[in-house]
Amino acid sequence: MSLGTQIAWDDTVLPFQLDASDIRGRVARLDGVLEQVLSQHNYPPLVEGLVAEMALLTALIGQTVKLRWKLSLQVRGSGPVRLIATDYYGPTDDGQPARIRAYASYDAEELDETADPFSQIGSGYFAILIDQGQGMTPYQGITPIAGGSLSACAETYFAQSEQLPTRFSLTYGQSQLPGEATHWRAGGVMLQHMPKASPEMSGEGGSGEAGLLDATDILDADEGENWNRANALLDTVEEIELIGPSVAPTDLLVRLFHEEQPRVFDAQAISFGCSCSEDKVRQSLSIYSAKDIGTMTTDEGTVTADCQFCGAHYSFDPDTLGFEAKDASA
């Protein structure tokens, strides 16, 4: 994929609202962030694509949540791709931008690079977890793997768990600017019907696949017409418009939704970032007994740990670990 002139919207999420349709949305562009996420690991191309899709979903969904600490997306499956996990940390009061990190676990011997990437997940579940920090009860919502893509899983989650009709249009892949090396790039649009004060389901079983809810189960006739129209307009988007970089998100919204009266809000920057630290790893190891620490100690006399997200390597003197069990019998 060869692209034109790069613009200043890379690694941002732009919130917007369609005033004529009572629909809100986000436009996301990931460039350097996605490259940093994927460069932490040597994933096969199939796995890279799944992680790219998950990171883009995380950027779009994370910006919609009033977040004090962390939002996590997880996919766990029975296939060769066993786990895809992403974390989103909201912007801080001291000006630090929102941060994303991602990780995948897979069985390289079982992976079929010629198959549809989503099929390599198998059966399992898609989960959204919200951690609002110390003293707050974490939230977790789960939906089965279904629909043929990670974005379809996210749409099902919002319909089932939040009763919010939601639509994603995403694209991602290797791109190349003139005179530059090939690298990963992603872009997408998220649409979501504005929530009612007291949403109610219409119908009992839902008309979607295998009894899953869809928009007709949640919206009344007028709302459904607005929703269907906005989705039809989104269906006209081209991949090059989603991924940029020569088409600004503001121009894209005018092209797609001019009659829906799009109104944009402040764009939010996205960066790559990991929350791991020596202190956090030390704390996680402190719960182990002296016997457990002994089994972890290498021939060189150290205990080591690697961050699955960013690849950071930590090494400890075993005598400084296992604090809670120092007086316990080995």
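**Figure 1. Strand E1 and strand E11 in the predicted model.** Strand E1 pairs with strand E11 (residues 268-272) in an antiparallel arrangement through two bridges; strands count as paired if DSSP finds at least two bridges between them. Strands (E, at least two residues) and helices (H or I, at least four) are DSSP runs numbered from the N terminus. The bridge partner of Thr-12 in E11 is Ala-269. The model is predicted, with local features requiring pLDDT of at least 70 and side-chain atom pairs pLDDT 80 or more, while totals for chains, interfaces and linings use all residues. Residues are numbered from 1 along each chain as its sequence is written, and side-chain values use heavy atoms, with hydrogens and water left out.

**Figure 2. Other strand partners of E1.** E1 runs antiparallel to strand E2 (residues 23-30), to which seven bridges join it. Thr-12 has Arg-29 as its bridge partner in E2. Four residues lie between the strands in the hairpin of E1 and E2, where Asp-22 takes a positive phi near 55°. Strand E10 (residues 262-264) is joined to E1 by three bridges, also in the antiparallel sense.

**Figure 3. Burial along E1.** Seven of the seven residues of E1 are buried, that is, under 20% relative accessible area with a 1.4 Å probe and protein chains only (exposed is over 50%, partly exposed in between). In a regular strand the side chains alternate between the two faces of the sheet. Thr-12, Leu-14, Phe-16 and Leu-18 point one way from E1, whereas Val-13, Pro-15 and Gln-17 point the other way.

Figure 4. Three aromatic pairs are counted, a pair being rings of Phe, Tyr or Trp (its six-membered ring) with centres within 6.5 Å; planes under 30 degrees apart are stacked, over 60 edge-to-face, and the rest tilted. Phe-16 and Phe-257 are stacked, at 6.3 Å centre to centre with 25° between the planes. Phe-16 belongs to E1 (residues 12-18) and Phe-257 to helix H7 (residues 249-257), so this pair ties together parts 241 residues apart in sequence. Phe-16 has a relative accessible area of 1%, and Phe-257 has a relative accessible area of 1%. Tyr-157 and Phe-158 form an edge-to-face pair, 5.1 Å centre to centre and 75° between the planes. Tyr-157 is buried at 2% and Phe-158 is buried at 7%. The charged end of Arg-99 sits over the ring of Tyr-89, 4.7 Å from its centre; this requires NZ of Lys or CZ of Arg within 6 Å of the ring centre and within 35 degrees of the ring normal.

**Figure 5. Pairing of E6.** E3 and E6 are antiparallel, with eight bridges. The bridge partner of Lys-70 in E6 is Asp-131. Six bridges join E6 to strand E7 (residues 139-144), again antiparallel, and Ile-130 stands opposite Tyr-139 in E7.

**Figure 6. The largest pocket.** The largest pocket has a volume of about 520 Å³, the volume being the space filled by probe spheres set on grid points joined across faces, edges and corners. A pocket is an open set of points on a 1 Å grid over the protein atoms alone where a 1.4 Å probe fits, with protein on both sides within 12 Å along at least five of seven lines; lining residues have an atom within 4 Å of a point. Of its 27 lining residues, Lys-70, Asp-87, Arg-101, Ser-275 and Phe-309 lie nearest the centre. E4 gives the largest share of the lining, five residues. The lining has 13 nonpolar, eight polar and six charged residues; Ala, Val, Leu, Ile, Met, Phe, Trp, Tyr, Cys and Pro count as nonpolar, Asp, Glu, Lys and Arg as charged, and the others, Gly among them, as polar.
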